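Welcome to this short tour. Please take a look at the sequence and the structure below, and then read on for a guided walk through some of the parts.

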Amino acid sequence: MPPLTSLPARSPEFAEGADVWPPDLDRRGFLGLMGASLALGGLAGCRAAKTLVPYTHQPDSVVPGLPSFYASACPCEGFARGILVEAHEGRPTKIEGNPRHAESGGAADAVTQAAILALYDPDRSQAPLHQGRPASWPEFESAWREEDRRLAPVGGAGLALLTEPTTSPTVRAGLHRLLDRFPRARWFQHTALARYDAEGFQPDYDLAEADVILAIEGGFLDRHPAALRYTRAFAGRRRVEKGAVRANRLYALESAWSLAGAMADRRLAAPPARLPAILNAVATAWSREPLPETLDREERAFVTALTADLRRPGRKVLCIAGDEQPAAIRRWAQRLNQVLGAVGKTIRYRAAVRSDGDPRSAGDLGALADAIARGEISALAILGANPVYTGPADVEFAARLARVPFTLHLGGYADETAAAVRWHLPESHFLEAWSDLRGYDGSAVIQQPLIDPLYDTRSLGEVLRLLAGDPPLSGYDLVRATWRARLGADDFDGHWTRWLNAGVVDGENTPTANPEPAEAEEPVPYLDPEPAAALTLVLRPDPWLGDGRHANNGWLQELPRPFTALVWDNALLISPQLGREQRLENGDLVRVECEGRVVEAPVWLVPGQAEGCAVAHWGGGRTRAGAVGSGRGFDAFRLQSRSGRARGLKLTATGRKTRLASTQHQFAMDGRDPVQTFALRDLGRLRPEQPAISLYPARARDTYAWGMSIDLSTCIGCSACVAACQAENNIPVVGKEQVLRGRVMHWIRVDTYFAGEPGAERCHSQPVPCMQCENAPCELVCPVGATVHSSEGLNEMVYNRCVGTRYCSNNCPYKVRRFNFFDFRAAADSILHLQDNPEVTVRQRGVMEKCTYCVQRINRARSEAERDNRPIRDGEIRTACQQACPAEAIVFGNVADPASAVAQRKAEPSSYSLLAELNTRPRTTYLAKMINPA
Amino acid sequence: MSAHPPSPEAIVDPTATLTSVTETVSGPILHPPWPRLWLAGFAGAFVVTLGLFAAIGWLFIRGVGIWGINIPVAWGFAIVNFVWWIGIGHAGTFISAILLLLHQTWRTSINRFTEAMTLFAVACAALYPVLHLGRPIYAYWLLPYPDTMGLWPQFRSPLVWDVFAVSTYATVSLVYWYVGLLPDLATMRDRAASTVGRRGYGILALGWRGDARHWAHHEKLYLILAGLATPLVVSVHSIVGMDFAIAILPGWHSTIFPPYFVGGAIFSGFAMVLTLVIPVRALFRMEGLITLRHLELMALVVLTTGWIVTYGYFSEFFTAWWSGDEFERFVQANRALGPYAPAFWLMLTCNVLIPNLFWSRRLRRSVPVLFGVAILVNVGMWLERFVIVVTSLHRDFVPSSWGMYIPTFWDWSTFIGTIGFFLALLFLFLRLLPAISMSEMRGLVIKAKESGE
């Protein structure tokens, strides 16, 4: 019998270590404790009701039933994402982008949006731990005072701090203050993720200006601190409006799919070992010399087309190298940009915003490990990082850590590092704490808390102050002190209020640096060819879990990964050709060996990936992530080395299989055309879709006829819409076992299709919400009338009336309906219910559900419009998916109004309905994907 | 089917007398000890029935997620089994009503038994539409009852038609069966030795005294009910066919479905009658009443309806090809070559090839062959419903939403559970009620004697 549900038991009854009998407890002690517990249990009933005072005067800012929005900032690899947080009567429920913040522009990616779930995660660390046992902050404070007495006389010699790189002025000031107090202490910084200032400055791209882009392993659309801004700008150059587009052309050179690669007009899949040779060939072709013979046909064609395009006059060009790339390749890209005259036009350099290169910093994790090995460290404070998990395998940090007498760890979870230190201190969630952050462009945001800490937690700024031995100051006062000093003028409070309201600190922007080095003789540096390797390992952060820090987030675990639709597990991604050679299929377990480091991992075949490489994502194999994230997938950090190189990869089939859960099983369009594409040159020849004829009269339209248009030319497939929908509409997480059974609950899904010949694959993404058909097949077959048509054209689902025959789903040609096969709700007393949107029903077992076009938002706008006695304005209603989309690919509105944005989008000649031949007349339509081949 | 029996054999053992008929039929019920085989069979079926109750209990506790259904395959075993059982339930009414109207006297010895089989099959079938609901507690919302909010069922949905079709069929079949039982219940009352038996059969017999007026009313009513039941045989499975045909799903959306489903239902129903009658006549030594001739005639019905089903398959394939519709063509190709191809080919073997053995007179008069073929046809018809329901759903229009349906332990246990439930009811019926109509058999014996003299 299969397991009944994979929803993990979250009962505190089975807490870590609860089953261990304390060694010093005897019978008398036990009876004493039991007696005291019983007595206290009785006393619990005597709790004074003084905390239960209702409002006698309603606070001005709170209207019961109406949400309030507060501006704040969400850390993304240390950088700020400006956010607006929706709160219902003081309870934060949803994170949205802040339109006034340049790095958000009103959009929010999936990871940012999922942070709201982490706030209510029952597995969060809730109290300090001393050697794994619950302790209190005063206990830690006294322990630290003792340590302080030892350290202070020697100027902090032997004290080491380990943090993640930060952009927060307050945190940085706190660190510097701590280093002032202990001048001989050393501060190390560790992140497994990329540095963005490898050359001492940050490249910043202007994708709105670039006409020809070469992306080398280019992750500028995914997982870049400025990805939202870049996506918006990039999409602006792909959007066909009124039959016209100022299209850019994107060349992608990459080993494995990136979101940019999927948007590329021309893509070459090449393993990392081939990169230097291909880039050298680009330089050769640029200097009009014959291409070397070593290039194969596809490489040659790519290089020729690219250089021809780069050479064409009047084009602004841009070369982007992925931030995880080796320094040589990044330097090559930088030089190419200089040679092509891109600097100052499509690329600008900013002074480093993050603290990676802070002059007071003593190095990275490897340097710390070496210092420990030399016996130089006697006290170590790990603040915010989880190096035991994220450290490269050959650093062997856990073993080193054991040699340090006094260790402490500050973190949101009692994670792998917490288990290896003497003191673990719980850190506040960013929605609970005051701080400040800077965006990639240097703009500063005050991180404003939405709620008091739910548990006995403190922020990093507060802990730094505690460690420095200064009198305690609240986070609020700390941040204000930083900015008061910075502003230096009067009317600080006026500024402060304005900053909090807008979510942006005005006038704070890092100037663009101009690091233009002297012109070199050579146009671009010659890259040393790599030794031919049969197989290279490419280690990448997980698209959602990053370095594993979000592993305990159910929304992210169950959010299908781009290109694989895998959920709950990571896999070793290989090309189908390699799979055929090694006789490997999806889910086959292989022994992965790389320079003596070994893990076991399941493989997954991805069409369009370069043959000579295997991709592994970090974030799996966590052992102490929490009930959701522990034991998912395999730990790719075990393959990581300090140098970052990973040659000589060897795969050996074990003959065993594991079941990988994917929400999509068919990635070929199979001769059908759910995603329609057209080449830019055919734009003028497109003819609008003719409405299908019918024997029946058309439905009469009301004042409003809601409709949606999704632009496949700009959709990059980032899944922000899926996360937004999940947060807005109380969509449950069902667990791996249920996904394996085909029961994922997302109301909008992002379909992935690979098209084209092997070696020249294209990847298409297609978000699919409910089509809200005018002739809805689902409505006809429901025996109880639980799904009905509204006068405004919504295909409505009446949960109360649904008996669960599921015929509607069978008859839905788009398969967008979702069924509550089990009771997927959280337990009635779960803290997770605090995240629920009170305007959306939480569905019970046995009822069907589906996309509603965010009917609660329509109705809120309607009641506001009726109150003001005016019609609903175009753009007043934004569905959750539309709001989150950084590419502005989703447009929603009233199709009965020909002037509305959505009606205009639908009037584009590239507009088409999915399965138009069925004459379901979908209100959700698509704009065909524009491709701009040379 | 010919109005004249194809063989000159008698349909009643020539040595049978009025007394011997009554004794053969009522004797095993009224005179213990009950055969060991009966006890063992009933015990086995009852245990399986308890398994069904456990499966249903767990279903109510946990929800339909315990089955293998998903999105896209939101219907699985429950609907497959529903259609299968309803199909089986067709033979009874067909035999007793249509053959009565057509004066096929050979039906007499098997009609009671097949009607009972019909009722039990419909009982099994009727469980599924309720069990498969996400919220079975609200199954009554499919009924048109006056409620304070003025809510009615959605009459365009074939599932509502289904409720009417199946409930009407069940009601008429039950009344028809019961009316036919009345004279025999009176016989049982008169012959029962125990007080409980006398009282029990007495109450059920509704005061039948064999009065001439009773007989006159009885025969009129019986004929009227036969007339009422006849269109139902066609309507029920037509509507079940429309459950699918109304959908826009390729593989379901097909005008051939109503007649093709009726043909298939009679096909499977007769196969089930054969499956049950062969052991029962051996067990209760009724070879004199249910003769080889009966079995042969039923084999011919199986052969005929088998060809109707074959035509249905051909028509589906041909229409898909002729339509030129890529989705329709894909569904047919996917059935033959996709992941469920074994089910498809086994279905064709069982339903198209195997029944053709009955062209041979020798084979259709061989009891082991009859039994084997009947079992295979039952399997084949179950697979047909599986193929229709699952292969159409699992790969429909948009490739990204394709999936697989893998039945779980609970799917199987509910299915096998209803087989146990069906057999348990049948065993009880054999034990408590006359399995062959004594009154009608007596009439046949008299007629045979008269024509003999």
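## An open sheet in chain A

In chain A, eight strands line up as an open sheet with mixed pairing, in the order β5-β4-β17-β16-β15-β6-β7-β14. Strands and helices here are DSSP runs numbered from the N terminus, with E and at least two residues for strands, and H or I and at least four residues for helices. Two strands pair if DSSP finds at least two bridges between them. The edges of the sheet belong to β5 (133-134) and β14 (361-363) of chain A; each has a single partner strand, so one side of each is left without a neighbour in the sheet.

This is a predicted model: local features need pLDDT of at least 70, side-chain atom pairs count only at pLDDT 80 or more, and totals for chains, interfaces and linings use all residues. Residues are numbered from 1 along each chain as its sequence is written, while chains are lettered from A and ligands numbered from 1 in the order in which they are written.

Within the sheet, strand β6 (residues 159-163) of chain A runs parallel to strand β15 (residues 379-383) of chain A, and five bridges join them. Which residue of β15(A) is the bridge partner of Leu162(A)? The partner is Ile382(A). Helix α14 (residues 460-468) of chain A lies across β15, β16 (406-411) and β17 (423-426) of chain A, at about 165° to β15(A). Such angles run from 0 to 180 degrees between N-to-C directions, and axes are lines fitted to C-alpha atoms, for helices over the stretch in contact.

## Two helix pairs

Helix α2 (residues 110-119) and helix α19 (residues 720-728), both of chain A, have axes that come within 8 Å and cross at roughly 20°. The two helices, α2(A) and α19(A), are therefore roughly parallel (angles under 35 degrees count as roughly parallel, over 145 as roughly antiparallel, 65 to 115 as roughly perpendicular and the rest as oblique). Residues in this contact include Ala110(A) and Ile116(A) of α2(A), and Val722(A) and Ala727(A) of α19(A); two residues are in contact if their C-beta atoms, placed from the backbone, lie within 7 Å. By class, the contact of α2(A) with α19(A) has eight nonpolar, one polar and no charged residues. Ala, Val, Leu, Ile, Met, Phe, Trp, Tyr, Cys and Pro count as nonpolar, Asp, Glu, Lys and Arg as charged, and the others, Gly among them, as polar.

Over in chain B, the axes of helix α3 (residues 77-88) and helix α8 (residues 212-245) come within 10 Å and cross at roughly 165°. That makes α3(B) roughly antiparallel to α8(B). Val83(B), Ile86(B) and Gly87(B) of α3(B) meet Val236(B), His237(B) and Val240(B) of α8(B). Four of the residues in this contact of α3(B) with α8(B) are nonpolar, two are polar and none is charged.

## Domains of chain A

Chain A is assigned domain 1 (129-195 + 356-488), domain 2 (201-351), domain 3 (536-662) and domain 4 (677-931), with bounds from an automatic or database domain assignment. Taken over C-alpha atoms, the centres of domain 2 and domain 4 of chain A are 34 Å apart. In their contact, 18 residues of domain 2 of chain A meet 21 residues of domain 4 of chain A.

## Where the chains meet

The contact between the chains takes 46 residues from chain A and 39 residues from chain B. On the side of chain A that touches chain B, 22 residues are nonpolar, 13 polar and eleven charged.
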